[in-house]
Every structure is written in structure tokens, then in C-alpha cells.
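Welcome, and please open the model in your viewer. This tour tells you what to select at each stop and what is there.

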Amino acid sequence: RRAEIQAALRKGGDFIRAMQRSDGSWYGCWGSCFTYACWFGVEGLIAAGELPDCEAIQSCMTFLLAHQNEDGGWGEDFSSCFDRAYASRPQLYGSESGSTVVHTAWALLALMAGDCSDAAAVKRAVDFLVQRQRLSGDWPQENVVGVFNR
């Protein structure tokens with residue numbers, strides 16, 4: 001049984017690597033879109049036995065960090081799903097900026113799984129989440145982030 005599991009992990013890792021785009025991202029079809037797919041791509045490669053310093057994961061770290069907004073968060077317009085290209089906006093529905101709690105959390109999960117070396121970027125993202133959390137502990141209702149199966 002061990003050999004079957006190892007073979008399945010190897011095939012899964014091969015598939016994830018094959019689906020990675022040249023810019024380091026992955027396209028996701030469940031939600032909007034690249035930030036969450038990057039999280040799953042990195043987690044999948046780690047589960048398949050890759051180390052965080054591998055080229056595929058580091059390429060994803062570069063992609064995510066390049067799309068971090070000035071306020072420390074990430075935000076993607078749902079048009080990313082339809083256009084299959086990362087789309088950001090200066091302001092997203094329900095947010096004071098182009099960043100949302102959900103996209104920022106997804107990006108942070110990917111950065112943590114990939115052992116991101118840019119501690120300042122991670123801190124800015126955490127600070128964004130802390131700032132957006134309400135006193136009740138809840139989070140604001142923001143821009144639509146999923147389900148966009150097509």
C-alpha cells in the first residue's frame with residue numbers, strides 16, 4: 001500500500017507542477033482565483049514531498065509578493081476567473097481598498113506554507129487582517145470570492 005500512496009503523491013506533485021503558470025501562479029476555478037490556487041498549489045507540493053525552497057514554490061512566493069497591495073493585503077476581482085488573468089481593482093466591494101480579508105488570508109496561508117523569507121511582507125499582511133477585524137471578532141462582508149465553476 002505504501003508504494004501506491006507514494007505513486008499517487010508523485011503523480012499529484014507532477015500534475016501540480018505541470019499546471020503552474022510561467023509567472024509562478026496557478027489558476028483556480030472555484031473562486032477568485034489566483035491567490036487561493038497559489039495556496040492550494042503550495043500546500044499540494046509540500047504534501048507531495050517538495051521542500052519550501054524548491055523552484056516551483058519560490059516562484060509562487062515571488063508571484064504573491066508582487067501582487068501584495070500597499071495596505072499589506074491582497075485582493076482579486078472576480079473577473080480573474082473569467083479572464084484567466086490576475087485582476088485587481090483600486091477598491092473592491094465592501095473594502096476600503098483593493099484588498100480583502102479572504103484573499104489576504106489565502107495569500108498568507110500560501111506564504112506560511114512556502115516558508116516565505118520576506119518577514120516584512122508577512123507582517124504587513126497580518127497587520128492588515130488585524131486592522132480589518134471587528135471588535136466582535138467578526139470580519140466585514142466584502143467582495144465576492146467564490147464559487148465560479150464554468
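Which residues of H5 are buried? Before you select them, note that this is a predicted model, in which local features need pLDDT of at least 70 and side-chain atom pairs count only at pLDDT 80 or more, while totals for chains, interfaces and linings use all residues. Residues are numbered from 1 along each chain as its sequence is written, and side-chain values use heavy atoms, with hydrogens and water left out.

**Stop 1: helix H5**

Select residues 101-113, which make up helix H5. Helices here are DSSP runs (H or I, at least four residues), numbered from the N terminus. H5 has 13 residues and spans 18 Å from first C-alpha to last, close to the 18 Å expected at 1.5 Å a residue; the expected span is 1.5 Å times one less than the number of residues.

Now colour Val101, His103, Thr104, Trp106, Ala107, Leu108, Ala110, Leu111 and Ala113: these are the buried residues of H5. Buried means under 20% relative accessible area, exposed over 50%, and partly exposed in between (1.4 Å probe, protein chains only).

**Stop 2: aromatic rings**

Rings of Phe, Tyr and Trp (its six-membered ring) pair if their centres lie within 6.5 Å; planes under 30 degrees apart count as stacked, over 60 as edge-to-face and the rest as tilted. The count by this rule is 8 aromatic pairs. Select Phe34 and Tyr86, a tilted pair with 6.3 Å centre to centre and 55 degrees between the planes. This pair links distant parts of the chain, 52 residues apart: Phe34 sits in helix H2, and Tyr86 in the loop between helix H4 (79-83) and H5. Phe34 counts as buried because its relative accessibility is 1%.

Next, pick Phe78 and Phe82, an edge-to-face pair with 5.9 Å between centres and 90 degrees between the planes. Phe78, at 35% relative accessibility, counts as partly exposed, and Phe82 is partly exposed with a relative accessible area of 39%. Then show Tyr27, Phe34, Phe63 and Tyr86 together, as they form one aromatic cluster.

Key:
Helix = DSSP H or I, 4+ residues; strand = E, 2+ residues; numbered from the N terminus.
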